[in-house]
Amino acid sequence: MSRDHDLPDTPGRRTVLKGAALAAGALAVTPGLAQAAPAPATAPKPHPEKRPEAAPYANPLVLQRADPHITRHTDGRYYFTATVPEYDRIVLRRARTLNGLSTAAESVIWRAHASGPMSAHIWAPELHRIGGKWYIYFASAPAEDVWAIRIWVLENANPDPFKGTWVERGQIKTAWETFSLDATTFQHRGTRYLVWAQHEPGMDNNTALWISEMANPWTLTGPQVRLSTPEYDWECVGYKVNEGPYVLRRNGRIFLTYSASATDWHYCVGLLTADDHADLLDARSWTKSPVPVFTSDDTTRQYGPGHNCFTVAEDGRTDVLVYHARQYKEITGDPLHDPNRHTRIQKLGWKPDGTPDFGVPVADTVREGA
């Protein structure tokens, strides 16, 4: 995605097998009068005007919201959606600042059906602005077969996504009718792509990452190319998972993050990289990091960071990493039933070679229960 991020234009969860002063002396003020003070002969040169610093980010930003997606729209506001622990609805918030999302009113813009293919496991919604309309990509399954998870699309033609009607555009049809989820979309050099996670029949994994061109926001066209499959030990803890992809374009390269392993404290973020001019549908264009780029941290006490996206800070330039994590390592029972994956944000750094520096998940700044 561009720096404007959508400006104009599991089974890590479960398996298919179920299993971001004035210089001193510059001004003298008297009541009703402001005038320049004579500068001493040895006066230092005034410092260039400094841009005011943004307030530190509040973390956790939003409690019990996993798989977060934040996009900054042309109206200057941030729009937030995420998985709710009941897995039964899609919610939306907006605010003028990133911190403002913490207390912003939350609206339910769509609810799961009582039965049928959009009635269970409502997971990982993403909100995108495409061709003057709003789209939400999400995963769901039939209540009658809760692991038959597929990718679905909602469309809203109203300029305000809190208004108008969300039309169900249906399922994104892929090459196979198998476990598939975590779709994200981006446009590059005039072509729109979808990247998603899916189980490939006959493969000894839960999900791999796939890419395809799109004919429209709910239809794939052309070849569907596998970009990554779980192969390193850190991608195969609990489950063999590559999921939750997201794209960031910077410094002449395309960075594709994804999440790996089970959704407990082993959950972590991996990275694929391609040249900006490469053929994105050629798997050989992508280089995979042999080590995870973002992992649990005992010092800051943040565990299972993953399913990230990126947005931009209020200054319009600083990249911000958005993700979820838990505040403890030990989980009783199935991690899917533990609701405390909280949305978190922190500044994304950059290394001298132009690659992203994720650092570690930062410590809490908000007291629990505050």
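Six bridges join strand 20, residues 319-326, to strand 21, and the two run antiparallel. Strands here are DSSP runs of E of at least two residues, and helices are runs of H or I of at least four residues, all numbered from the N terminus. Two strands are said to pair if DSSP finds at least two bridges between them. Within this pair, V322 has I345 of strand 21 as its bridge partner.

Before I continue, please note that this is a predicted model, in which local features need pLDDT of at least 70, side-chain atom pairs count only at pLDDT 80 or more, and totals for chains, interfaces and linings use all residues. Residues are numbered from 1 along each chain as its sequence is written, and side-chain values use heavy atoms, with hydrogens and water left out.

The pair I began with belongs to an open sheet of three strands, in the order 19-20-21, with antiparallel pairing. At its edges are strand 19 (303-312) and strand 21 (342-347), each of which pairs on one side only. From one strand to the next, the twist averages 30 degrees; for such angles, axes are lines fitted to C-alpha atoms, for helices over the stretch in contact, and the angles run from 0 to 180 degrees between N-to-C directions.

Let me turn to the chain as a whole. It has 23 strands and zero helices. Of its 370 residues, 54% count as buried, a word that means under 20% relative accessible area, whereas exposed means over 50% and partly exposed lies in between, with a 1.4 Å probe and protein chains only. The chain exposes about 16,400 Å², and carbon and sulfur atoms supply 52% of that area. These areas come from the Shrake-Rupley method with a 1.4 Å probe, and for residues only the protein chains shown count as cover.

A second open sheet has four strands in the order 3-4-5-6, again with antiparallel pairing.

The largest nonpolar core has 30 residues, and W123, I149, I211, L280 and W286 have the most contacts inside it. Such a core is a set of buried Ala, Val, Leu, Ile, Met, Phe, Trp, Tyr and Cys residues joined through side-chain atoms within 4.5 Å. Which strand gives the most to this core? Strand 16 does, with four residues. Apart from this core lies another, of 26 residues, among them Y78, F80, F294 and A313.

Returning to I211, its contacts (heavy atoms within 4.5 Å), leaving aside neighbours within four places in sequence, include W196, L227 and L280. W196 itself lies in strand 12, residues 191-198, and counts as buried because its relative accessibility is 0%. The side chain of W196 also makes a polar contact of 2.8 Å with the side chain of Q198. A polar contact is a pair of N or O atoms within 3.5 Å; within protein, one must be able to donate a hydrogen and the other to accept it, and residues adjacent in sequence count only if both atoms are side-chain atoms.

Finally, some backbone details. Most residues other than glycine have a negative phi, and most peptide bonds are trans. Here, a cis peptide bond joins N59 and P60, with omega about -5 degrees; P60 is in the loop between strand 2 (33-36) and strand 3. Y87 has a positive phi, near 55 degrees, and lies in the loop between strand 4 (78-83) and strand 5. S261, which is not a glycine, has a positive phi of about 70 degrees. S261 is placed in the loop between strand 16 and strand 17, and is buried at 0% relative accessibility.
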